[in-house]
Number of protein chains: 2
Amino acid sequence: MPIKSKIRSIPDYPKKGIMFRDITTLIKDAVGFRLMIDNLTQRYITKEIDYDLIAGIEARGFIMGGAMAYTLGKGFVPIRKSGKLPAEVVSQEYSLEYGVDTIEMHKDSFVPGTRVLIVDDLLATGGTALAAAALIEKLGGVVAEIAFIVNLPDVGGEKKLRDKGYEVFSLTEFEGD
Amino acid sequence: MPIKSKIRSIPDYPKKGIMFRDITTLIKDAVGFRLMIDNLTQRYITKEIDYDLIAGIEARGFIMGGAMAYTLGKGFVPIRKSGKLPAEVVSQEYSLEYGVDTIEMHKDSFVPGTRVLIVDDLLATGGTALAAAALIEKLGGVVAEIAFIVNLPDVGGEKKLRDKGYEVFSLTEFEGD
């Protein structure tokens with residue numbers, strides 16, 4: 001698959017034993033970037049997935065989320081690291097290997113009942129995506145689906161998200177990670 | 001102008017005396033987001049500005065940069081805070097009110113001679129944009145133009161960038177900031 005072949009693998013990043021899947025080599029290429037967005041949007045122009053709004057997870061999720069929102073004619077809402085949003089927020093903590101992190105959304109991101117498509121570049125443990133879904137639900141929204149460029153199924157995030165009842169879509173997978 | 005009317009102004013953020021111009025209220029609206037991107041891309045589909053690649057400044061510059069790159073058929077390169085990029089980088093420090101900050105790009109972001117359109121949401125002092133331009137030039141690239149959603153001309157960034165010879169474009173301005 002051309003998209004997969006343009007993703008760079010960097011051993012021992014961010015630490016020893018981790019094989020980092022780097023999409024910057026895919027998206028700096030005009031054709032690679034177009035194919036990536038086309039493959040995502042073609043799924044979401046059908047009527048099968050019902051959604052009103054796109055939420056991108058900081059920071060790489062902003063890149064494809066912005067392109068998808070424009071192409072699909074939807075609004076875009078950022079899910080940010082804590083302390084980055086200027087108005088009133090809702091927050092959600094999630095566990096990292098050591099300690100916790102927090103993501104936030106503006107309280108007025110959308111009206112209750114809104115169906116939200118969450119997007120990010122990479123699905124590994126699923127911790128950030130689960131926290132993002134929790135934020136959507138705290139605001140009265142419904143998670144329509146969670147979309148990724150890369151899924152690492154052996155890390156277990158996809159299973160965790162599906163077990164919680166979320167729909168998951170990814171463009172490509174790397175096994176054995 | 002409809003774009004300007006959808007930008008929210010938040011007094012005393014991030015600190016007392018600063019009027020923060022918040023584009024999240026513009027981009028969560030499907031029509032607002034589309035108009036914002038259409039107004040930007042209509043400038044760059046003409047032949048007047050010659051560029052090969054779009055570079056977005058983390059994090060809000062990723063949102064419009066991704067949409068612009070897709071729509072204009074160009075590749076996208078992220079300009080990130082230090083320590084966020086997995087491969088070899090070039091770095092550029094710049095001054096904040098207190099202390100310094102650093103932004104980075106991958107060394108293999110583009111080949112020398114590439115003409116780069118830099119995008120970000122807000123032009124205030126111009127410090128980040130100048131550092132971004134310096135990064136492009138360290139890699140042998142040429143800054144084609146620097147585009148913003150919002151310009152705060154009274155803060156002086158636009159003048160500073162123009163005095164250094166850069167082309168600057170912004171969709172809207174707030175005076176008196």
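How much area do chain B and chain A bury between them? The legends below take that up first, for a model that is predicted.

**View 1. The interface of chain B and chain A.** Between them, the two chains bury about 3,100 Å², and 61% of that lies on carbon and sulfur atoms. Chain B puts 40 residues into the contact, and chain A puts in 40 residues. On the chain B side, Lys28(B), Tyr70(B) and Pro86(B) lose the most area to chain A, together 23% of what that side buries.

**View 2. Salt bridges and polar contacts between the chains.** The rule picks out two salt bridges across the interface of chain B and chain A. Here the side chains of Arg8(B) and Asp108(A) meet in a salt bridge, at 2.7 Å from N to O. Polar contacts between chain B and chain A come to 15 residue pairs, with both residues at pLDDT 80 or more.

**View 3. The side of chain B that touches chain A.** Several elements of chain B each supply at least two residues here, among them strand S1 (8–11), helix H2 (24–27) and strand S4 (75–81). H4(B) gives the largest share, eight residues. Sorted by class, this side has 20 nonpolar, eight polar and twelve charged residues.

**View 4. Helix H3 of chain A against helix H4 of chain B.** The axes of H3(A) (residues 30–44) and H4(B) (residues 60–72) come within 9 Å and cross at roughly 100°, so the two helices are roughly perpendicular to each other. Phe33(A), Arg34(A), Ile37(A) and Asp38(A) make the contact from H3(A), with Gly66(B), Ala69(B) and Tyr70(B) from H4(B). That gives four nonpolar, one polar and two charged residues in this helix contact.

Notes: Residues numbered from 1 in each chain as written. Chains lettered and ligands numbered in written order. Predicted model: local features only at pLDDT ≥ 70, side-chain atom pairs only at ≥ 80, totals over all residues. Heavy atoms only, no water. Axes fitted to C-alpha atoms, helices over the stretch in contact; angles between N-to-C directions. Helix = DSSP H or I, 4+ residues; strand = E, 2+ residues; numbered from the N terminus. Parallel < 35°, antiparallel > 145°, perpendicular 65-115°, else oblique. Contact = heavy atoms within 4.5 Å. Nonpolar A, V, L, I, M, F, W, Y, C, P; charged D, E, K, R; others polar. Buried area = accessible area lost by both parts, 1.4 Å probe. Salt bridge = Lys/Arg side-chain N within 4 Å of Asp/Glu carboxyl O. Polar contact = N/O pair within 3.5 Å; in protein donor to acceptor, adjacent residues only side chain to side chain.
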